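Take a look at the chain shown below. We will walk through it one piece at a time.

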Amino acid sequence: MPRFFLESIDEKDIRITGADAHHIGYALRMRVGEHLTVCANNTDYDCIIQKITKDTIFLEAQSSRLCAAEPSVFVTLYQAVPKSGKLEEIIQKSIELGVSRIVPVLTARCVARPTKEAFAKKLPRLQKIAEAAAKQSGRGSIPEISALYSVTEALEESKTADCGIFLYEGGGVRFSEIALAGAKNIALWIGSEGGFDPKEAEAAKNAGMIPVWLGERILRCETAPQAALSILMHMTGNM
């Protein structure tokens, strides 16, 4: 069933406007009486089309339920900025696997070194990729792609998480050794192509982050978040 997102919803007056309305009426060629799903605040609304105008779709909610695809944990991925188009793939796959927020971080070993201003211009496109991935995977909300953070800013924010994890090729514990019981807010750090600088790793440890080692095989920076998120979702009963 086609899936669309609204920031908020009034069950007595549900309307879809803008590009989504055009997509429903012209690209999908949907008609009055057909059903679609509207998502707002992690809730799925089964709606029937009541009326279609040039720029607005009027809907009536038939039923609602909490979105079963939303995980029970809120995972923020702090991803060191990779080169070329790898961040787009990371966003897409991470959202499919259940990440709730993605924070790009400029670390010492990042090959790509955009300014905050230059990165801000990319955000609308990256957020559209996030929306498409959320629709495809049946999510109940669209994960946020944040502005570019420095390591200091990201570490300070990570301190508020129930559990902080950073993948470190320099060694650490296994995922199975981490106590995740009761953790609802998890900060997950992934390095860029060159991993983390030793000073960054030490700063992360001082901030309460747990170094995690994934073994002898070297994973690409776009593979590591997929592996880590799959393990986290399994450990928390979400996969």
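Over which ring does the charged end of Lys51 sit? The ring is that of Phe58, and the charged end of Lys51 lies 5.5 Å from its centre. Keep in mind that this is a predicted model.

Now turn to the sheet. Strands of a sheet pair through backbone hydrogen bonds, either parallel or antiparallel. Here 5 strands form an open sheet, and the pairing is mixed. Read across, the order is S1-S3-S4-S5-S2. Strand S1 (3-5) and strand S2 (14-17) stand at the edges. Each has a single partner strand, so one side of each is left without a neighbour in the sheet. From one strand to the next, the twist averages 40°.

Look inside the sheet at one pair of strands. Strand S3 covers residues 35-40, and strand S4 covers residues 43-52. The two run antiparallel and are joined by 6 bridges. Pick out His35: its bridge partner in S4 is Ile48. Next comes a helix. Helix H1 (residues 18-27) packs on the sheet. Helix H1 touches S1, S2, S3, S4 and strand S5 (56-66). The direction of H1 makes about 90° with that of S2.

Is Arg139 buried or exposed? Arg139 has a relative accessible area of 2%, and buried means under 20%, so Arg139 counts as buried. What surrounds it? Leaving aside neighbours within four places in sequence, the contacts of Arg139 include Arg3, Phe5, Cys39, Cys67, Glu70 and Ile95. With Ile95 there is a polar approach: a polar atom of the Arg139 side chain lies 2.7 Å from the backbone oxygen of Ile95.

The last stop is a set of rings. How many aromatic pairs are there? The count comes to 4. In one of them, the rings of Phe166 and Phe196 have their centres 6.0 Å apart. Their planes are at 80°, so the pair is edge-to-face. This pair links distant parts of the chain, with its residues 30 apart. Phe166 is in strand S10 (residues 163-167), while Phe196 is in the loop between strand S11 (185-190) and helix H5 (198-206). Both Phe166 and Phe196 are buried.

Phe196 also pairs with Trp189. That pair is tilted, at 6.1 Å centre to centre and 50° between the planes. Trp189 is buried too.

Methods:
Residues numbered from 1 in each chain as written. Predicted model: local features only at pLDDT ≥ 70, side-chain atom pairs only at ≥ 80, totals over all residues. Heavy atoms only, no water. Pairing = 2+ DSSP bridges. Helix = DSSP H or I, 4+ residues; strand = E, 2+ residues; numbered from the N terminus. Axes fitted to C-alpha atoms, helices over the stretch in contact; angles between N-to-C directions. Contact = heavy atoms within 4.5 Å. Buried < 20%, exposed > 50% of the residue type's maximum accessible area, 1.4 Å probe, protein only. Polar contact = N/O pair within 3.5 Å; in protein donor to acceptor, adjacent residues only side chain to side chain. Phe/Tyr/Trp six-rings, centres within 6.5 Å; stacked < 30°, edge-to-face > 60°. Lys NZ or Arg CZ within 6 Å of the ring centre and 35° of its normal.
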